[in-house]
Amino acid sequence: MSHRPPSGLAAVSAALLAMSRHLEVRDVLKTIVASARELLDAEYAALGVPDDHGGFAQFVVDGVSDEQWKAIGPLPRQHGILAAMLHGGKTERLADVRKDPRFEGWPSTHPDMSDFLGLPIRDGDETIGALFLANKRCPKPEGVCGFNAEDEELLSILAQHAAIALTNARLYERSRELTIAEERSRLAHELHDAVSQKLFSLRLTAQAAAALVDRDPARAKGELQQVAALAAEAVDELRAAVVELRPAALDEDGLVATLRTQVQVLDRAHTARVTFAGAGVRALPAAQEEALLRVTQEALHNALRHADAGHVDVTLARRDGTTVLRITDDGSGFEPAATRRAGRHLGLVSMRDRASGVGGRLTVESEPGKGTTIEMEIPGG
């Protein structure tokens with residue numbers, strides 16, 4: 001059975017829609033490359049995003065196995081045809097890339113390539129990448145490029161949309177960085193306030209103990225015990241804040257492992273028992289995983305620092321095609337009807353915004369003296 005590439009408006013539309021679905025830069029690059037190779041029926045495709053040091057910040061290939069890619073070695077430099085596309089800003093369509101005077105060779109483990117079609121990806125006057133294909137899968141006479149003017153026009157359309165998708169992905173990642181920076185700033189202020197209060201109390205108590213040492217040793221002993229307790233609380237505040245300020249390892253470890261690690265550290269840092277259970281949950285889009293993580297952190301913060309909980313339980317599970325996060329504590333609770341005051345104090349507004357921002361919903365159940373349950377449900381997983 002012969003290989004027949006997809007064709008027509010439907011295939012182009014599918015490729016463009018696939019690009020727009022992804023928000024992570026790496027995912028966008030992979031989708032662009034795979035779409036280009038499939039639409040133009042090429043054996044190989046690649047996309048390089050240049051850095052400022054003569055190399056590539058990212059380089060994505062399609063049609064090369066993981067074993068082949070590892071054997072090729074380090075990322076290519078900006079040289080030869082690649083440099084011409086990046087710096088010259090024009091399309092390159094060659095019958096045999098190996099015979100071009102600018103060709104500078106490749107590693108012995110590199111796949112053999114002949115006919116070649118490549119062009120820069122531009123955002124205004126800036127070249128933000130180079131997209132190229134090699135080895136058109138079609139009958140072609142010796143010394144003739146399999147890629148034609150129609151292929152060049154199609155790749156140009158893809159490159160224009162790739163520039164939009166890549167720019168949007170970069171803006172999204174930048175917005176995530178700003179969100180994390182804002183979160184870290186908030187936590188830093190919170191840390192300063194909490195520890196400052198503890199240290200102020202500790203100082204006053206130590207002064208009282210010093211004044212009582214000679215005339216009332218028994219009371220001085222009690223004050224010193226209070227000093228020890230306050231110092232321990234300050235250490236707990238510091239440990240917990242360090243955990244929250246540390247960037248979450250979602251990309252490397254995934255949501256379940258990241259939540260488990262954070263819960264384990266908080267369990268060690270606080271006198272309260274903090275537990276986690278999560279099984280059978282598949283990977284989710286990055287935005288959803290980050291929202292789940294941030295809601296968990298906010299809810300744990302409330303339970304451990306405001307509700308005086310003795311036990312906090314975090315669970316992540318699948319339920320009827322959705323992923324459900326549930327944080328339950330046995331703390332002081334509050335009156336949900338007083339939503340305005342409680343919302344500001346406990347960060348409920350930001351938690352609801354995070355949930356709705358990724359297509360989910362947040363529910364809160366609480367009662368004074370009977371603890372709190374926060375549940376976030378999102379589609380998928």
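Predicted model: local features only at pLDDT ≥ 70, side-chain atom pairs only at ≥ 80, totals over all residues.

Modeller: Residues are numbered from 1 along each chain as its sequence is written, and side-chain values use heavy atoms, with hydrogens and water left out.

Colleague: How many helices and strands are there in the protein chain?

Modeller: Helices (H or I, at least four residues) and strands (E, at least two) are DSSP runs, numbered from the N terminus. On that basis the protein chain has 11 helices and 10 strands.

Colleague: What percentage of the residues in the protein chain is buried?

Modeller: Buried means under 20% relative accessible area, exposed over 50%, and partly exposed in between, with a 1.4 Å probe and protein chains only. Of the 381 residues in the protein chain, the buried share is 45%.

Colleague: What is the bridge partner of Asp123 in β5?

Modeller: Strand β4 (residues 116-123) pairs with strand β5 (residues 126-136) in the antiparallel sense over eight bridges. In β5, the partner of Asp123 is Glu126.

Colleague: Are α8 and α9 roughly parallel or roughly antiparallel?

Modeller: Angles under 35 degrees count as roughly parallel, over 145 as roughly antiparallel, 65 to 115 as roughly perpendicular and the rest as oblique. Helix α8 (residues 255-269) and α9 pack at an angle of about 15 degrees, with their axes 10 Å apart. The two helices are therefore roughly parallel.

Colleague: Is the crossing of α9 and α11 left-handed or right-handed?

Modeller: The axes of helix α9 (residues 286-305) and helix α11 (residues 348-357) come within 9 Å and cross at roughly 160 degrees. That makes α9 roughly antiparallel to α11. A crossing is left-handed if the near helix is turned anticlockwise from the far one by less than a right angle, and right-handed if clockwise. The crossing of α9 and α11 is left-handed.

Colleague: Which residue stands opposite Thr328 in β10?

Modeller: Strand β8 (residues 322-329) is largely enclosed by the rest of the structure, because six of its eight residues are buried. Eight bridges join strand β7 (residues 311-319) to β8, and the two run antiparallel. β8 also pairs with strand β10 (residues 372-379) in the antiparallel sense over eight bridges. In β10, the residue opposite Thr328 is Thr373.

Colleague: Which residue takes a positive phi in the hairpin of β7 and β8?

Modeller: The hairpin has two residues between the strands. The residue with a positive phi, near 50 degrees, is Asp320.

Colleague: Is Asp308 buried or exposed?

Modeller: Asp308, in the loop between α9 and β7, has a positive phi of about 55 degrees although it is not a glycine. At 68% relative accessibility, Asp308 is exposed.

Colleague: Is Asp41 buried or exposed?

Modeller: Asp41 is found in the loop between α2 and β1, and its phi is near 55 degrees, a positive value in a residue other than glycine. With 5% relative accessibility, Asp41 counts as buried.

Colleague: Which residues does Pro111 touch, not counting residues up to four places away in sequence?

Modeller: Pro111 has its place in the loop between β3 and β4 and counts as buried at 6% relative accessibility. Pro111 and Gln68 are 43 residues apart in sequence and 8.2 Å apart in space, C-alpha to C-alpha. Contact means heavy atoms within 4.5 Å. Not counting residues up to four places away in sequence, Pro111 touches Tyr44, Val64, Gln68, Ile72 and Trp106.

Terms used: Axes fitted to C-alpha atoms, helices over the stretch in contact; angles between N-to-C directions. Pairing = 2+ DSSP bridges.
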